[in-house]
Amino acid sequence: MPSVFLYHVVGDLTVGKPEMVEFYETETVESAIRAIGESTECGIPVWKRKSHGGMIENSETRLQRFVGILNSLDIVAFLASTECLEDRDKAIKTPVSQVVVPNTSLLKQVDPATRLIDALEMMKQGVRRLIVPKSMGWKGMSKRFSILYNGKWLKNADTSNSSSNNNLTINPNRPSSSAGTSNHDKFCCLSREDVIRFLIGCLGALAPLPLSSISSLGAINSNYNSVEASLPAIEATRKLPEDPSAIAVVEPIPNGQCKIIGEISASRLWKCDYLAAAWALANLSAGQFVMGVEDNVASRSLPDFAANSAVDDGNTAHGTGSTRLRKFSSRSIGFNPGNSIGIGRSIYRGRSAPLTCKITSSLAAVMAQMLSHRATHVWVIEDHSDDILVGAVGYADILAAVTKQPASVTHVNRPEAFATLF
């Protein structure tokens, strides 16, 4: 086991993290779109409000208020329903409690003293967010667990209390019962992206894993979701995938394999125009949705999203103004990374290649790809092939790979690596 997992604690990753602001289930879809634009992993935790404003919570009662994680694909799929397309104004004012899928297992509360390896094990089991107390004073740690936290080096227990603290042990697998005993406690939220970003700065300590191929590490997940390009795009949302939240758009080829031409995913929809993406999802084929269509297709009645602005025209706020007939074109729908609201002048564009790697790509290269593109996954294609889809690598697959025991890491040649995929 690499020492970086044993000698680092969760508190190491919280330095500089902003205080967590709870997003409540009574907030609207419009507010969720704004919040998701500023989030990591293209999603936000959703909470129930406290039953009493001044109530004191412990970790157990706090987690009872957690509902689930809402991402951009959830919202676009919701807005693509017939009812929402008929009344967009009403749709974006819908409480997120009607959209988010309840799943309380996606978030856990841990102490800053929790070992990194224990946090990784939680995430490997499906946890996507860790909330960590920022104002909690924790003592009784050995020197190897003293960390830079909140801008200063934490000390061990005071000498006056050393006799009692020497026997203090911390169970890293369970949040401290003292966490959250004051309603003034502040928390920060760690995502799997934060963990991967920390690990990529420790690649030397993980050797030889980072230079091993994703195939030899068993990091390729062949149980991915896909939809044929000729099918309606809305088919991709009949059963939304959980992790990663992505559906590959594929074209079958005669030998029974599939070529990937694009994807419908939370990361791809992260900062798009949600109303336009919903319209495209409901009216186009999957292939048209990801690739765009040309000016020479038959004219369609498309809501003139580009003519509306939530900023410039109060009468057409949130893109809900008048519509006019015009030809649907890939040039008329665009990706707007600068628009955190997601309901503005530019609207959703396909025509962007999916993020891919080869089966022989190194683990370090795939980690760097995901972080540089702020993606939750990378699609894996065959070597020396024309986009033949093999599987996907997500955060959970990377965390499983980096925590492999040395004896279980095998290095095989390329033909063997390819053979293990089937």
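This is a predicted model: local features need pLDDT of at least 70, side-chain atom pairs count only at pLDDT 80 or more; totals for chains, interfaces and linings use all residues.
Biologist: At what angle do α9 and α13 pack?
Modeller: About 40°, with their axes 10 Å apart. Helix α9 covers residues 192-199 and helix α13 covers residues 395-402. That angle makes α9 oblique to α13.

Biologist: Which residues make the contact?
Modeller: From α9, R192, E193, V195, I196 and L199. From α13, Y395, A396, I398, L399 and V402.

Biologist: And what classes are in that contact of α9 with α13?
Modeller: Eight nonpolar residues, two charged and no polar ones.

Biologist: Is the crossing of α9 and α13 left-handed or right-handed?
Modeller: Left-handed.

Biologist: New topic. How many salt bridges are there?
Modeller: The count comes to 12. One of them joins the side chains of K17 and D194, at 3.0 Å from N to O.

Biologist: Where do K17 and D194 lie?
Modeller: K17 lies in the loop between α1 and β1, and D194 in helix α9, so the pair ties together parts 177 residues apart in sequence.

Biologist: Are K17 and D194 buried or exposed?
Modeller: Both K17 and D194 are buried.

Biologist: Back to α9. What does R197 pair with?
Modeller: R197 forms a salt bridge with E193, with the closest N and O atoms 3.0 Å apart. The two are four residues apart in helix α9, so about one helical turn separates them.

Biologist: Why does E193 count as buried?
Modeller: Because its relative accessibility is 3%, and buried means under 20%. R197 is at 40%, so R197 counts as partly exposed.

How values were computed
Residues are numbered from 1 along each chain as its sequence is written. Side-chain values use heavy atoms; hydrogens and water are left out. Axes are lines fitted to C-alpha atoms, for helices over the stretch in contact, and angles run from 0 to 180 degrees between N-to-C directions. Angles under 35 degrees count as roughly parallel, over 145 as roughly antiparallel, 65 to 115 as roughly perpendicular and the rest as oblique. A crossing is left-handed if the near helix is turned anticlockwise from the far one by less than a right angle, and right-handed if clockwise. Contact means heavy atoms within 4.5 Å. Ala, Val, Leu, Ile, Met, Phe, Trp, Tyr, Cys and Pro count as nonpolar, Asp, Glu, Lys and Arg as charged, and the others, Gly among them, as polar. A salt bridge is a side-chain nitrogen of Lys or Arg within 4 Å of a carboxyl oxygen of Asp or Glu. Buried means under 20% relative accessible area, exposed over 50%, partly exposed in between (1.4 Å probe, protein chains only).
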